2 protein chains.
Amino acid sequence: MRTLYHLPLDPYSRKIRILLGEKKIEVDLRVEQTWERREAFLALNPAGTVPVLEEAGGAVVAHSQTIAEYLDETVPEPVMIAGTAIERAEVRRLCHWFDDKFNREVTEHLLGEKMMKRFLGLGEPNSEAIRAGHANLDTHLSYIGYIADRRVWLAGDRFSLADITAAAHISAIDYLGDVPWEDYQEAKQWYARIKSRPSFRPLLADYVPGMRPPPHYEDLDF
Amino acid sequence: MRTLYHLPLDPYSRKIRILLGEKKIEVDLRVEQTWERREAFLALNPAGTVPVLEEAGGAVVAHSQTIAEYLDETVPEPVMIAGTAIERAEVRRLCHWFDDKFNREVTEHLLGEKMMKRFLGLGEPNSEAIRAGHANLDTHLSYIGYIADRRVWLAGDRFSLADITAAAHISAIDYLGDVPWEDYQEAKQWYARIKSRPSFRPLLADYVPGMRPPPHYEDLDF
């Protein structure tokens, strides 16, 4: 059996969990508290980050986009980076949009300040950073709505790794109750379609001790 | 002819310039001053970042790793993400190591503080950030040396996108004169091999007005 080292609310880990679900690949999920910098884990991934995938034979793949490309090459059904070279580029552009830009502009400000800081005892959340995170989130929800209004799925006609990546990031913020869904109906409809996929269900059952998600978090008709 | 929108000292742009050189693809290089947020450029890439590749037919590909994957699929000779799925994963892991980790730990602290801040009139460089950047650079040079000592190239036996990405990032810091080469002989030997490749030459001729590189920057026997 494969092992996935992950953290429940980490968007990058969630991306791979959804992808594994879409491809119907069973894994042994193992929570890795990366801040402990466990030596055996650093030997698997010197960057010290999750997710890390360990194959039954011992081969190790680290970094979410790298794991996604690896799984798409080795377990191609259903392909999640599909189509022509230009179509595949659009999937990857959107993956990096969320992995790089959304993470820097939203996730670090909201999940970082509200949760990780408190959890790691790094002091009070910075209210200015939180305000900036909310303002940036509005821009990103508009962008998702803009695309979702013009395409069937984010990267085009096919459900792809772009939808998985975007939903993984949004879902972590949604756990905090920070997504103003009522103001962004197109984005909400897109997210509702993903939320109802079987691959997404395990994420809705996640629970971080001491931090209950809002009631709508696991509701498919939110 | 293809067009590459770039910035001369931007590591991500440099990565694609080296890759284009390796594949012997001619492009029309166009400097894009991203901070001006030119509307026609934002229409090509709403993220507003370089590099962006525009094909002769008008197709547009944005984001360095996305462009690299696209070029490897459309102009496969020589392949820069080659081998088995696990070998390809190792190439990609190292690309992200430099694009994500090195950038956050070194480039933003050194190029960001010393150059972009002054250039954009954002105040004095933060000396604490610069000190942290130097300390982190030491760790990264050790890591490069550690790998280079055990493998022919960073990701294995083949010259790959991992070497290109690492060298692109290092070269921007080297332009500042900030790389303590004498303390890192293995990393230096690896870099010297890349520096002598024809694909790398154009970067050594770059010159940013008002900021002369150190004499060793363009010297192949530094």
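Colleague: Which side chain does B:E73 meet in a salt bridge?

Modeller: Side chains of opposite charge can pair when their charged atoms come close. Here the side chain of B:E73 meets that of A:R88, at 2.7 Å from N to O. The rule for a salt bridge asks for a side-chain nitrogen of Lys or Arg within 4 Å of a carboxyl oxygen of Asp or Glu. Before we go on: this is a predicted model, where local features need pLDDT of at least 70 and side-chain atom pairs count only at pLDDT 80 or more, while totals for chains, interfaces and linings use all residues. Residues are numbered from 1 along each chain as its sequence is written, chains are lettered from A and ligands numbered from 1 in the order in which they are written, and side-chain values use heavy atoms, with hydrogens and water left out.

Colleague: How do I read the area buried between chain B and chain A?

Modeller: The size of an interface is often given as the accessible area lost when the parts come together. For buried area we use a 1.4 Å probe and sum the loss over both parts. Here that gives about 2000 Å², with 66% from carbon and sulfur atoms. If you count contacts (heavy atoms within 4.5 Å), 24 residues of chain B touch 24 residues of chain A.

Colleague: Now the sheet in chain A: what is its strand order?

Modeller: Two strands pair if DSSP finds at least two bridges between them. In chain A, four strands form an open sheet in the order 2-1-3-4, with mixed pairing. Strand 2 (27-31) and strand 4 (60-62) stand at the edges with a single partner strand each, so one side of each has no neighbour in the sheet. Strand 3 (52-54) runs antiparallel to strand 4, over three bridges. Across that pairing, A:E54 stands opposite A:V60.

Colleague: And which strands does helix 3 of chain A lie across?

Modeller: Helix 3 (64-74) lies across strand 3 and strand 4 of chain A, at about 130° to strand 4. Such angles run from 0 to 180 degrees between N-to-C directions, with axes fitted to C-alpha atoms, for helices over the stretch in contact.

Key: Buried area is the accessible area (1.4 Å probe) that two parts lose on being put together, summed over both. Helices (H or I, at least four residues) and strands (E, at least two) are DSSP runs, numbered from the N terminus.
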